[in-house]
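Subject: Structure for you to look at

Hello,

Here is the structure I said I would pass on. Please open it beside this email and follow along.

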Amino acid sequence: MPARSCWRFRRSWPRLSPTKPPECESEHKVTIKRIGGGRVSNWLNDNVSAGDVVQVLPPAGRFVLREADRPLLLFAGGSGITPVIALIKSALTRTSRTLKLVYANRDAASIIFEAELGELQARHPDRLQVVHSLDDSDGFLTPERVQAQLAGHAGAHFYLCGPGGFMEAVEQGLEAAAIPREAIFKELFVSPEDDVPTAEELASTAEADAGAGGCETLLVTVDGTLHELAYEAGKTVLQTARDAGVQPPFSCEDGYCSCCMAKLIEGEVKMRKNDCLTPRDLEDGWVLACQSVPQTKTVKIDWDAG
Ligand code: FES
């Protein structure tokens with residue numbers, strides 16, 4: 001399954017990602033990249049200092065290491081390295097898997113964790129390989145260059161995290177190499193441009209809500225339990241579940257983080273918007289529960305699928 005994102009912050013928050021794998025570091029750690037014009041990343045970088053107390057939500061999301069013996073091939077773009085370095089440390093600490101990281105950045109000065117990655121590589125020379133790709137000297141990572149990195153990694157698990165264009169290139173490269181979807185785990189990050197819904201989004205909301213009247217039963221599976229919920233027209237699958245006391249994963253509630261993605265098992269839903277699922281994900285039956293409005297008498301959604 002494509003992995004869900006794990007951002008536990010709301011619209012217009014910065015890129016905060018846990019950088020600490022639980023099994024090898026004792027202190028909690030996040031990496032906050034300052035974004036030009038970003039309200040929260042600048043505020044945090046300028047105002048928060050040692051000793052301050054910050055209230056945070058607990059970690060969530062599914063971009064975590066899957067138990068397997070397979071080698072790991074990780075692709076990170078820019079600050080997409082933040083969850084990826086945690087996966088690397090975790091794999092090095094508690095498994096004997098071999099790892100290759102392909103890390104793309106604009107230029108050498110933009111590389112985050114350069115020294116830390118160098119140290120990890122020096123400590124595990126036979127297990128960890130780091131390949132840097134710099135836009136200014138190597139050009140952008142293309143699907144062809146992604147494919148060139150795959151030699152000798154048959155049967156690997158692939159973990160991807162980075163911005164839109166980077167993710168597209170990597171996914172196209174993996175697809176061209178016929179890597180099975182089940183072996184690919186990804187985390188997306190996008191920054192929504194503004195808070196004003198487009199005309200297209202408004203039309204799609206109206207259309208989804210108009211079809212919502214016919215649904216009577218919403219069946220949702222979360223953490224192994226099947227819940228039968230009464231559906232109230234106009235609500236999304238996520239709202240209905242939460243109103244009933246069910247606690248599925250979610251974060252942005254705005255269609256761009258993919259934290260709430262679930263599989264549609266029965267019936268039809270219409271998504272008010274979708275800023276993160278790919279056509280391939282949709283074909284496979286994935287939906288964003290925070291944007292899905294039921295359209296048929298019975299709708300069955302599985303958060304545990306995959
Ligand atoms: S909660 Fe972020 S896309 Fe649904």
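Five strands make an open sheet with parallel pairing, in the order 5-4-3-6-7. At its edges are strand 5 (128-134) and strand 7 (184-188), each of which pairs on one side only. On average, neighbouring strands in this sheet are turned by 10° against each other, ignoring direction. Please keep in mind that this is a predicted model.

For a closer look at one pair, take strand 4 (residues 99-105) and strand 5: they run parallel and are joined by seven bridges. Tyr103 stands opposite His132 of strand 5.

Helix 6 (residues 164-176) lies across strand 3, strand 4, strand 6 and strand 7, and runs at about 160° to strand 6.

There is another open sheet of five strands, in the order 9-8-14-10-12, and its pairing is mixed. Its edge strands are strand 9 (225-230) and strand 12 (286-288), each pairing on one side only. Here neighbouring strands are turned by 35° against each other on average, again ignoring direction. Strand 10 (residues 261-266) and strand 14 (residues 298-302) run antiparallel, with three bridges between them. Glu266 stands opposite Lys300 in strand 14.

As background, strands of a sheet pair through backbone hydrogen bonds, either parallel or antiparallel.

At least three residues of the core come from each of domain 1 (16-188) and domain 2 (199-302). In general, nonpolar side chains tend to be buried together in soluble globular proteins.

Which residues does Leu74 contact, leaving aside neighbours within four places in sequence? They are Val84, Leu87, Ile88, Leu99, Leu101 and Tyr159.

Finally, some totals. The protein chain has nine helices and 14 strands. Of its 306 residues, 36% are buried. Among contacts in the chain with a separation of 6 or more, 72% are between residues 24 or more positions apart.

Regards

Note on methods
Residues numbered from 1 in each chain as written. Predicted model: local features only at pLDDT ≥ 70, side-chain atom pairs only at ≥ 80, totals over all residues. Domains from an automatic or database assignment. Contact = placed C-beta atoms within 7 Å. Pairing = 2+ DSSP bridges. Helix = DSSP H or I, 4+ residues; strand = E, 2+ residues; numbered from the N terminus. Axes fitted to C-alpha atoms, helices over the stretch in contact; angles between N-to-C directions. Buried ≥ 20, exposed ≤ 12 C-beta atoms within 10 Å, placed from the backbone.
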